[in-house]
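Thanks for coming. I will go through one structure today and keep it short. Please have a look at it first.

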2 protein chains.
Amino acid sequence: MRINVSKDILLKALQQVLKAVPANQQIPILAGVHIQALTNELVVTTCNSSMTIQYRIPGEDTSLTVQRIGEVVVPARYFCEIIRKSDAGMITLEVDRSLRLTISSEHTQIRLCGMDAVDYPAIHPAENHAVLKLAVNNQLLKASILQVAGAASLSEHRPVLTGVSFQYRNHRLQLTATNGIRLASRTIDVEHDAEIERHIIVPGRNLVEAVKIMDGEDRTTEVEVTNRHVRFTANHIMVQSALIEGEYPSLHHVIPHTFISEITIGTAPLLKAVERTTVLASESIIRLETTADRLRLLSQTAEIGDIEDEVSILEKNGEDFTISLNGKYVADILHGTSSEFVRLRFTGKMSPMVIHPKNDLSSTFFLITPVRTAK
Amino acid sequence: MRINVSKDILLKALQQVLKAVPANQQIPILAGVHIQALTNELVVTTCNSSMTIQYRIPGEDTSLTVQRIGEVVVPARYFCEIIRKSDAGMITLEVDRSLRLTISSEHTQIRLCGMDAVDYPAIHPAENHAVLKLAVNNQLLKASILQVAGAASLSEHRPVLTGVSFQYRNHRLQLTATNGIRLASRTIDVEHDAEIERHIIVPGRNLVEAVKIMDGEDRTTEVEVTNRHVRFTANHIMVQSALIEGEYPSLHHVIPHTFISEITIGTAPLLKAVERTTVLASESIIRLETTADRLRLLSQTAEIGDIEDEVSILEKNGEDFTISLNGKYVADILHGTSSEFVRLRFTGKMSPMVIHPKNDLSSTFFLITPVRTAK
């Protein structure tokens, strides 16, 4: 292998794929990055037991010239750090017979001990055994994942709850995550020519990583599902994640379908009031109380102090209510909401509160189970 | 106490003084911030066992109105967080007889349990017992401290070495820090009307904190030394630090006064080459070798790889040399150097290398003790 590649483009590729390399990987080859020069393309790949990231640099312009094809695996963090510290515009990478990679530019010569690429985990092409293949708008998918994934559980106590459920049915893809106390769900329309149903659970952390490195541009992401993996491909980047096995809890009976009262309120003023109130909230518990035209927020921490805040209600239907909730969960939901107003639906003192972005009442909702308090 | 104060100014004051409050302060009153409304001024103070920070907000303009003088101590982190989360332009602070502080703005009312200010550690005015009083240009002092303090030891094994030595003699103030392997020293001229000598050791960490919160503007910082403290006052901010007791090592015989050879080299290209070479340097040890007109930098990590870099030498006197140094220490020195060129003085294979900024040969220097290597 011998190539000439632009420092900036190589660095970008390495920084993206580095996210699949754990900081303390003990198995040398998995601490490595697989570099493969094809006829007119450089493919950079990393993987761990749950995720694979691949970045393809096309040889179309002056940023990459492949002089000799070949492949090698080198220590990912060292390689990335070396390229980052380089001040050359173009870098030459050359692998010799003893698998040594020489990285050279004008005044600098670096030799890294390489490992044989045949020992590197293979990525099987998904095309042959994909059971579902969707094309989704990049930004829509990104926004939906970010809105939902935060509600997933962080504890490994029930592994399925650390995942995000992807339920595809009737040309609609519903993403849902819950930790048992809060739940977030968003449904998006996806064109597909066949009548097909599929339900998978994808690790929430992998999704958040995937979304971070996906281009933010208005393109299409390919979503391919096999029996064991889901693969997201957008532009130069492919992220493949293992699936979580198990039965995702049925949500039908959890989600309230009727409500006692509802209010519409400005998202930004409510978020600020929730954040303020949560500062003095013991165990993050804040109380919400409606009055004629205002929502009062209250909290206290013993021996420190208490806080009372107020936000104007824009619309109210039904009776006044009082409910105690985890303020951090409410703030998380409001942070992820681009809608100017939200609707809060009260379904009973001990039933979940339902929050909708006002511009998206039918497809996006969040549930929070109230906290039992002495009052 | 009752005042009306601008949110932004109060927040700025609190963020500055918060640095003296340890994250896990167990003694409630020391986790507090002392707020004192004087006739036409608000004084905000925090302290820990080694440092006091005080910020004075003048009542000159519309940003502060004192309606009733008084004082109280409230939990510093809660108070700062509450003010940070406020979206009001002006905030009213009022203390009642039971020492409760009410923080109010349009829609928000917060009550914090206060503590009695008489229990708060007093700050004694330095004027009465200052043994040395200097006025130093703010930026010069800041730059000097930042250049020197990084060389101080981080280990409490020899407490005096965690400090920066301030040696005042013959109208010159010499700042020195060393961890036994590296040493940094800078001497600045300071006007003073009396012939006085004084030597103190100031905790390096306190100095770095002090410097961070000092205004960056071109003003004068007052430095007052008592038998137990040093106090820096600039504009609205006063930082007082305890001194480290003990005997600072005599540096006279450590500092080489003759050299075998010296080279002049560009600071930026050398820094980049040092940083690159250090990536592959086992235990951060890099080797420097002069050739006719170039400085070669070499390093290696077993089973990973090695690197060779080169930087052009601008001027050379004396013989060629080879020396092994800690690359991180060299990078630290070069990072803090604003001079375009540096001079490296070789004083022997096992003697410290001396580095000077080229524009400041007489007053600033750094020493690094070489590393013994197999080669």
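Which domains does the domain assignment of chain A give? There is domain 1, covering 2-119, then domain 2, covering 130-242, and domain 3, covering 261-368. Keep in mind that this is a predicted model. As for spacing, the centres of domain 1 and domain 3 of chain A, taken over C-alpha atoms, are separated by 49 Å.

Next, the two copies. Two copies of a chain are related by a rotation about an axis and a shift along it.

How do the copies meet? Of the interface residues of chain A, 100% are also interface residues in chain B, so the same surface is used by the copies where they meet.

Last, the cysteines. A disulfide is a covalent bond between the sulfur atoms of two cysteines. How many disulfides does a search of the whole structure find? The count over all chains is 0.

Take A:C80. The closest cysteine sulfur to its own is in A:C47, and at 17 Å that is too far for a bond. A:C80 counts as buried because its relative accessibility is 4%, under the 20% cut-off.

Then A:C113. Its sulfur has the one in A:C80 as the closest cysteine sulfur, 18 Å away, again too far for a bond. With 33% relative accessibility, A:C113 counts as partly exposed.

That is the end of my part.

Notes: Residues are numbered from 1 along each chain as its sequence is written. Chains are lettered from A and ligands numbered from 1 in the order in which they are written. This is a predicted model: local features need pLDDT of at least 70, side-chain atom pairs count only at pLDDT 80 or more; totals for chains, interfaces and linings use all residues. Side-chain values use heavy atoms; hydrogens and water are left out. Domain bounds come from an automatic or database domain assignment. Contact means heavy atoms within 4.5 Å. A disulfide is a pair of cysteine sulfur atoms within 2.5 Å. Buried means under 20% relative accessible area, exposed over 50%, partly exposed in between (1.4 Å probe, protein chains only).
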